[in-house]
Amino acid sequence: MFNENLKTLRKMKGFTQEELAIKVNVVRQTVSKWEKGLSVPDAELLSKLADVLEVNVSQLLGAEIKEDPGRNEVAEQLAKISEQMAIKNRRARRIWKVIGLILIIGLIITILGAVLFSANTSTATYSEGPVVVIDETNE
């Protein structure tokens, strides 16, 4: 029972084996052995585990602890909401990139148009001297 209770409580608290091991000052492999039922902690470590997991030693050693199914449902819903928000953020970034690209292209076209227009008008205003009109009608 201890090994199953330890694993259940650790997961309920959101700890990895590594995090729990650090909190009770052992290596991760020790926590793994406890959870597999290959070894058990001494009384001092058992007390530390109970403190870290915020339970009584008797709860660790007692009847099997069941995970609250409601917690899993809430966690799944939060994960779905988080995923939807990430998708929404990616779409928003993509839209802003397209808008920015369109604005940059519009600005470049405007600048090129202004340059070309000013080049055409500047060459049309200069002439090579007076314009002479010759009337060839014999009246």
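Me: Which residues gather in the patch of positive charge on the surface?
Reply: This is a predicted model. In it, the positive patch is made of Arg90, Arg91, Arg93, Arg94 and Lys97.

Me: Take Arg94. Which helix is it found in?
Reply: Arg94 is in helix H6. That helix covers residues 69-125.

Me: And is Arg94 buried or exposed?
Reply: Arg94 counts as exposed, because its relative accessibility is 52%. The cut-off for exposed is over 50%.

Me: OK, other patches. Which residues form the nonpolar one on the surface?
Reply: Val74, Leu78, Ile81 and Met85 form it. Together they have about 370 Å² of accessible area.

Me: Where does Ile81 lie?
Reply: Ile81 lies in helix H6.

Me: Let's zoom out. How many helices and strands does the chain have?
Reply: The chain has 6 helices and 0 strands. From the N terminus on, the order reads α-α-α-α-α-α.

Me: How much of the chain is buried?
Reply: Buried residues are 19% of the 139 residues. Buried means under 20% relative accessible area.

Me: What about the accessible surface of the chain?
Reply: That comes to about 11,200 Å². Carbon and sulfur atoms account for 59% of that area.

Me: And contacts? What share join residues at least 24 apart?
Reply: Take the contacts between residues at least 6 apart in sequence. Of these, 61% join residues at least 24 apart.

Me: Why does Asn25 count as exposed?
Reply: Because its relative accessibility is 66%.

Me: New one: Val57. Where is its place?
Reply: Val57 is in helix H5, which spans residues 57-61. At 32% relative accessibility, Val57 counts as partly exposed.

Me: Which residues does Val57 touch?
Reply: Leaving out residues up to four places away in sequence, Val57 touches Leu46, Ser47 and Ala50.

Me: What separates the C-alpha atoms of Val57 and Ser47?
Reply: A distance of 6.3 Å. Along the chain, Val57 and Ser47 are 10 residues apart.

Methods: Residues are numbered from 1 along each chain as its sequence is written. This is a predicted model: local features need pLDDT of at least 70, side-chain atom pairs count only at pLDDT 80 or more; totals for chains, interfaces and linings use all residues. Side-chain values use heavy atoms; hydrogens and water are left out. Patches are made of residues with over 30% relative accessible area and no salt bridge: like charges are joined within 9 Å, nonpolar side chains (Val, Leu, Ile, Met, Phe, Trp, Tyr) within 5 Å. Accessible areas come from the Shrake-Rupley method with a 1.4 Å probe; for residues, only the protein chains shown count as cover. A salt bridge is a side-chain nitrogen of Lys or Arg within 4 Å of a carboxyl oxygen of Asp or Glu. Lys and Arg count as positive and Asp and Glu as negative; His and the chain ends are not counted. The place of a charge is taken as NZ of Lys, CZ of Arg, CG of Asp or CD of Glu. Helices (H or I, at least four residues) and strands (E, at least two) are DSSP runs, numbered from the N terminus. Buried means under 20% relative accessible area, exposed over 50%, partly exposed in between (1.4 Å probe, protein chains only). Contact means heavy atoms within 4.5 Å.
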